[in-house]
Amino acid sequence: MPPPAITIAVDGPAAAGKGTLARRLAAALGYACLDTGLIYRAVAWAVLRAGGDPADDAAATRAAESLNLAVLDDPAVVAELRSDQIGQAASQVAAVAAVRRAVLPLQRTFARRPPGGQPGAVLDGRDIGTTVCPDAEIKIFVTASLDARAGRRHQELLSRGVKSIYGRVLEDMERRDALDRGRAVSPLIPATDAWQLDTTALDADQTFQRALAYIRDHLAARHGQRVSGPRATD
């Protein structure tokens with residue numbers, strides 16, 4: 001029988017760099033990767049496509065209960081899910097307890113039985129280490145200053161040809177942070193045993209190198225596994 005899959009939880013607020021980091025870690029380790037934020041965006045997207053209101057708990061719950069993760073395999077849909085409008089709506093549906101209950105089994109199944117028989121899974125979101133996978137082998141909480149995160153999102157939008165005003169992005173991010181941190185169910189907080197990584201002054205490569213070093217040392221100490229890359233003391 002193969003050993004249990006290793007789960008790496010990567011949590012943090014919007015535009016802190018957790019999504020990019022999770023994808024790069026999964027590729028380096030040969031693990032499966034799941035952006036759980038896209039699940040809530042898909043729920044919000046489904047509600048809006050049906051002409052519903054993301055603030056309608058019943059509509060959001062119905063969309064969550066009928067969600068098929070295969071929708072995340074469509075690049076065109078994923079591109080639409082990453083819009084700011086969907087992001088704001090996602091924070092609304094993510095605050096609904098019934099929605100979170102509906103998608104929780106999908107996330108946990110992915111972590112316990114990664115697709116393709118891969119030896120581990122990297123899940124990024126806002127409550128992976130605290131609620132979805134509290135027993136995750138490794139927990140990383142990625143953060144950055146509000147100004148840095150708003151600046152990154154502003155530049156991202158401009159690079160995609162989307163009109164953007166920094167002040168408006170900053171206000172939207174403050175509002176979303178308040179929703180994520182203030183919700184009664186699974187608020188955005190670091191797990192007590194999470195390693196916190198502040199990326200304010202780091203680029204994507206530096207963030208990846210530091211996280212991989214941390215994971216490498218942890219796996220070597222716990223399982224004798226060797227992972228290519230730098231050590232935490234490098």
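I took contact to mean heavy atoms within 4.5 Å. The model I worked from is a predicted one.

**Entry 1. Helix 1**

I began with what helix 1 packs against. Its buried residues pack against strand 1 (6–11), strand 2 (32–35), strand 3, strand 4 (138–143), strand 5 (195–198) and helix 10 (204–223). I then listed those buried residues of helix 1: Lys18, Gly19, Leu21, Ala22, Leu25, Ala26 and Leu29. Looking down the axis, I found that they fall within an arc of 160°, so they line one face of the helix.

I checked the length of helix 1 as well. Its 12 residues, 18–29, should span 16 Å at 1.5 Å a residue, and the end C-alpha atoms are 16 Å apart, which agrees. After helix 1 comes glycine 30, with a positive phi near 75°.

In helix 5 (residues 84–94) I noted Ile86, Gly87, Ala89, Ala90, Ser91, Val93 and Ala94 as the buried residues. Their cover includes helix 2 (36–49), helix 3 (57–65), helix 4 (75–81), helix 6 (97–112) and helix 9 (166–182).

Next I looked up the largest nonpolar core, which has 38 residues; Leu81 and Leu123 touch the most other members. At least two residues of this core come from each of strand 2, helix 2, helix 3, helix 4, helix 5, helix 6, strand 3 and helix 7. Which element gives the largest share of this core? I found it to be helix 2, with 8 residues.

I followed up leucine 81. Setting aside neighbours within four places in sequence, leucine 81 is in contact with Leu38, Arg41, Ala42, Trp45, Leu72 and Ile86. There is also a second, separate core of 21 residues, and I noted Ile6, Ile138, Phe208 and Ala211 among its members.

**Entry 2. Salt bridges**

Side chains of opposite charge can pair when their charged atoms come close. I counted 13 salt bridges in the model.

One of them joins the side chains of arginine 149 and aspartate 177, at 2.5 Å from N to O. This pair links distant parts of the chain, since arginine 149 is in helix 8 (residues 146–159) and aspartate 177 is in helix 9, 28 residues apart. Are the two partners buried or exposed? Arginine 149 counts as buried because its relative accessibility is 2%. Aspartate 177, at 5%, counts as buried too.

I then turned to glutamate 156. Its salt bridge with arginine 153 has the closest N and O atoms 3.1 Å apart. Both residues lie in helix 8, 3 residues apart, about one turn of the helix. An α-helix has 3.6 residues a turn, so residues three or four places apart point the same way. Glutamate 156 also meets arginine 160 in a salt bridge, at 2.8 Å from N to O.

Arginine 153 is at 15%, so it counts as buried, the cut-off being under 20%. Glutamate 156 has a relative accessible area of 31% and is partly exposed. Arginine 160, at 40%, is likewise listed as partly exposed. What network do these residues belong to? I found Asp84, Arg153, Glu156 and Arg160 linked in a network of salt bridges.

**Entry 3. Aspartate 127**

I located aspartate 127 in the loop between strand 3 (120–125) and helix 7 (128–132). Its relative accessibility is 3%, so aspartate 127 counts as buried. Its side chain makes a polar contact of 2.7 Å with the side chain of arginine 100. Apart from neighbours within four places in sequence, I listed Asp11, Arg100, Val132 and Ser186 as the residues in contact with aspartate 127.

**Entry 4. Lysine 139**

I found lysine 139 in strand 4. Lysine 139 counts as buried because its relative accessibility is 7%. What do its side-chain polar atoms meet? A polar atom of the lysine 139 side chain lies 2.6 Å from the backbone oxygen of proline 134. A polar contact of 3.1 Å joins the side chain of lysine 139 to that of aspartate 193. Leaving out neighbours within four places in sequence, I listed these contacts of lysine 139: Ala9, Gly129, Cys133, Pro134, Ala191, Asp193, Ala194 and Trp195.

Conventions: Residues numbered from 1 in each chain as written. Predicted model: local features only at pLDDT ≥ 70, side-chain atom pairs only at ≥ 80, totals over all residues. Heavy atoms only, no water. Helix = DSSP H or I, 4+ residues; strand = E, 2+ residues; numbered from the N terminus. Buried < 20%, exposed > 50% of the residue type's maximum accessible area, 1.4 Å probe, protein only. Polar contact = N/O pair within 3.5 Å; in protein donor to acceptor, adjacent residues only side chain to side chain. Salt bridge = Lys/Arg side-chain N within 4 Å of Asp/Glu carboxyl O. Expected span 1.5 Å × (residues − 1). Arc of directions from axis to C-beta. Core = buried A, V, L, I, M, F, W, Y, C linked by side-chain atoms within 4.5 Å.
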